[in-house]
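These are my notebook entries on one structure. I set down what I looked up, entry by entry.

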Amino acid sequence: MFTSEKGVVEEWLSEFKTLPETSLPNYASNLNDKSSLISSLYKVIQEPQSELLEPVCHQLFEFYRSGEEKLLRFTLQFLPELIWCYLAVSASRNVHSSGCIEALLLGVYNLEIVDKQGHSKVLSFTIPSLSKPSVYHEPSSIGSMALTESALSQHGLSKVVYSGPHPQREMLTAQNRFEVLTFLLLCYNAALTFMPSVSLQSLCQICSRICVCGYPRQHVRKYKGVSSRIPISSGFMVQMLTGIYFALYNGEWDLAQKALDDIIYRAQLELYPEPLLVANAIKASLPRGALKSSKEGTRCIQVEITPTSSRISRNAVTSMSIRGHRWKRHEQPDNNNDTTELGILVLPEISVTNVSGERTGNGEKGRTLGEIDAQHMQGVQETATDPRTESKGLPEIRRQKSVRKMMEDGVNSPGRVQF
């Protein structure tokens, strides 16, 4: 650490001690603009043997419990680096050199698990319903599942996940270490939108280091320093993925993608299902080849906005429209005057007289038989000349002969009573 950087840190330590409470908001607003101070504080934290480490940790804790929101976020931006330094020192079994960092982490944890009145906090989270659109999905693309979720949401069956109350901790042990660190990383993720780029870079780097230290990939990444494996829990890896996912679309594409691959690598070795599920889901949703540079600033997730008008056409066929549909029969119009245009063959009616028992004279009898003979011959000629009815000509002739014979029998038999 250079002398100039050490002087910047010492000036920062002395300035806050003499600062009146009335000027605290203005001081907090201008603090994030001091890039040289922030880089100097990172170097102090990265050197466990530095003499400035203990006063810096004490100052950061004073910022956190001051009640000023911007001072609280200023301390939170160093949280990933503090967690890495604590885990690295713990892995080297040099616990005494990390006492001030452990005290700072415990102080932040004990402040976050209680409210302003000193009561234990119970954090709740309502799982979003798939029937309502979000930046990640559209209900119309799910199909029948959306209807089921909609029915459940109407009955108030939304699932709520609770976290807490968390117990107070006086020291970090192997049993409660990752319980405390996971909760601290949860608090950090809650303020991700306020974190500067240097903090997101630190998060990506420490995630990669924690996951590959002590494994063959450490030589591929060329990480030096800690060579022993660092134990890690499944819940802690899920919280790391939350921050990595945010960093992917907020200016740190390269570092975040490398950290994502290292988390998947470690989760596969540990056989942790939750980190594998979340990490693979994130990786599958990433745009392929769309974001290549990490110098383009803040990015956004492209989503489909639900239109104001309905997507389903009013004429669409649904189950209700099928039930209410009535098939209409297309009836032909009745036109008795022009039947030849419709292709209907009109057969001539045979007028048979004396069927009802009326007797006729000799002249009428001859005229009647002559007309029948003429009609018979005309039917034979039409049957023979029509090629379409050539096969049906013989039955038609026989039918007409039988009609003629029946009439002759009726006329020649005067004693027969006809009804």
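In which helix is the place of Gln 59? I found Gln 59 in helix α4, residues 53–64; helices are DSSP runs of H or I with at least four residues, strands are runs of E with at least two, and both are numbered from the N terminus.

Before going on, I noted that this is a predicted model, in which local features need pLDDT of at least 70, side-chain atom pairs count only at pLDDT 80 or more, and totals for chains, interfaces and linings use all residues. Residues are numbered from 1 along each chain as its sequence is written, and side-chain values use heavy atoms, with hydrogens and water left out.

**Entry on Gln 59.** I looked up its accessibility and read 3%, so Gln 59 counts as buried (under 20% relative accessible area; exposed is over 50%, partly exposed in between, with a 1.4 Å probe and protein chains only). Leaving aside residues up to four places away in sequence, Gln 59 touches Trp 12, Leu 13 and Phe 16; contact means heavy atoms within 4.5 Å.

**Entry on cysteines.** How many disulfides does the rule count? I recorded 0 disulfides, the rule being a pair of cysteine sulfur atoms within 2.5 Å. For Cys 57 the closest cysteine sulfur, in Cys 100, is 4.1 Å away, which is too far for a bond. Cys 204 is likewise in no disulfide, as the nearest cysteine sulfur, that of Cys 207, lies 6.7 Å away. I also noted that Cys 57 is buried at a relative accessible area of 3%, and that Cys 204 is buried at 1%.

**Entry on α12 and α13.** I looked up how helix α12 (residues 234–248) packs with helix α13 (residues 253–270): the angle is about 155 degrees and the axes are 8 Å apart. Axes are lines fitted to C-alpha atoms, for helices over the stretch in contact, and angles run from 0 to 180 degrees between N-to-C directions. The pair is therefore roughly antiparallel (over 145 degrees; under 35 is roughly parallel, 65 to 115 roughly perpendicular, the rest oblique). By class, the contact of α12 with α13 has 12 nonpolar, 1 polar and 1 charged residues; Ala, Val, Leu, Ile, Met, Phe, Trp, Tyr, Cys and Pro count as nonpolar, Asp, Glu, Lys and Arg as charged, and the others, Gly among them, as polar.

**Entry on α6 and α10.** The axes of helix α6 (residues 79–91) and helix α10 (residues 197–212) come within 9 Å and cross at roughly 25 degrees.
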